[in-house]
Amino acid sequence: QLYSFPLLDGGAPLIQPVSVREVARCFALAPAKEASIGQTYDLVGPVSFSWRDMVFKIIAALGRKGIYEEIPLLLLLRALLWLATILLPCLLIAGLAANTLSLAAAEMGAGLWVALILSAHRWRRVILFSVSGEPLILASEALNAFAPRGLQRSELLKMAVEDNTGDPRPAAETFAYVPESFEQGLARILR
């Protein structure tokens, strides 16, 4: 299950997601279309929106709720909650074994542990948080010197922090391209 999701630069850059089926169809038609020779086409979806909006749409389609944080305090609180859930039984057992904890205090601690478990399981919101893109890109570029070509990701990170939008009309005219909306494609994938 997804509990948190980092967004480079807050997920602000714009994108126009497109179905890979439509891209493949246009590629297959291109050699037979005289008008496409020497041309470049923007094969993009019909509407642009931010990465953050896209992730919220996916979360909603999965039947979940999300919350965005510029500084991920809720993520830290969730981590602390799980840490307490894991450590509390260890501390109770150690206290009982060392005879430094009364049975009544251990029972109260066990009740607190049950409350922590219930709280941790009820906290189902996906936490989206901002991660600065520039340091990740710089680190990725440094790793490119050592990583095999297939694992080099700095160019993908650069694309994620800049707008990736275009005009679908020329492709629509040449290939009878009618891009499906992101929501339609998502519903088709999740069926």
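In which helix is the place of Leu87? Leu87 belongs to helix α3. The model under discussion is a predicted one.

Leu87 is partly exposed, with a relative accessible area of 40%. Leu87 is one of the residues of a nonpolar surface patch of about 680 Å².

## The buried face of helix α2

Helix α2 covers residues 51-61, and its buried residues are Met54, Val55 and Ile59. Viewed down the axis of α2, these buried residues fall within an arc of 135°, so they line one face of the helix.

The buried residues of α2 pack against several strands, namely β1 (4-8), β2 (14-15), β3 (49-50), β4 (66-69) and β5 (126-131), and also against helix α8. Just after α2, Gly63 adopts a positive phi of about 80°.

## Two aromatic pairs

A search of the whole structure finds two aromatic pairs. One of them is formed by Tyr41 and Phe175 in an edge-to-face arrangement, with 5.1 Å centre to centre and 70° between the planes. This pair links distant parts of the chain: Tyr41 lies in the loop between α1 (20-29) and β3, whereas Phe175 lies in helix α7, and the two are 134 residues apart. Both Tyr41 and Phe175 are buried.

The rings of Phe49 and Phe182 have centres 5.5 Å apart and planes at 65°; planes over 60 degrees apart count as edge-to-face, so this pair is edge-to-face. Here too, distant parts of the chain are linked, with Phe49 in strand β3 and Phe182 in helix α8, 133 residues apart. Phe49 and Phe182 are both buried.

Most residues other than glycine have a negative phi. Asn99 has a positive phi, near 60°, and is a residue other than glycine. Asn99 is located in the loop between α3 (73-97) and α4 (103-122). Is Asn99 buried or exposed? Asn99 is exposed, with a relative accessible area of 70%.

Ala176 likewise is not a glycine, and has a positive phi of about 55°. Ala176 sits in the loop between α7 (169-175) and α8 (182-190). With a relative accessible area of 55%, Ala176 counts as exposed, because the cut-off for that class is over 50%.

Terms used: Residues are numbered from 1 along each chain as its sequence is written. This is a predicted model: local features need pLDDT of at least 70, side-chain atom pairs count only at pLDDT 80 or more; totals for chains, interfaces and linings use all residues. Side-chain values use heavy atoms; hydrogens and water are left out. Helices (H or I, at least four residues) and strands (E, at least two) are DSSP runs, numbered from the N terminus. Buried means under 20% relative accessible area, exposed over 50%, partly exposed in between (1.4 Å probe, protein chains only). Patches are made of residues with over 30% relative accessible area and no salt bridge: like charges are joined within 9 Å, nonpolar side chains (Val, Leu, Ile, Met, Phe, Trp, Tyr) within 5 Å. Accessible areas come from the Shrake-Rupley method with a 1.4 Å probe; for residues, only the protein chains shown count as cover. A salt bridge is a side-chain nitrogen of Lys or Arg within 4 Å of a carboxyl oxygen of Asp or Glu. The arc is that of the directions from the helix axis to the C-beta atoms. Contact means heavy atoms within 4.5 Å. Rings of Phe, Tyr and Trp (its six-membered ring) pair if their centres lie within 6.5 Å; planes under 30 degrees apart count as stacked, over 60 as edge-to-face and the rest as tilted.
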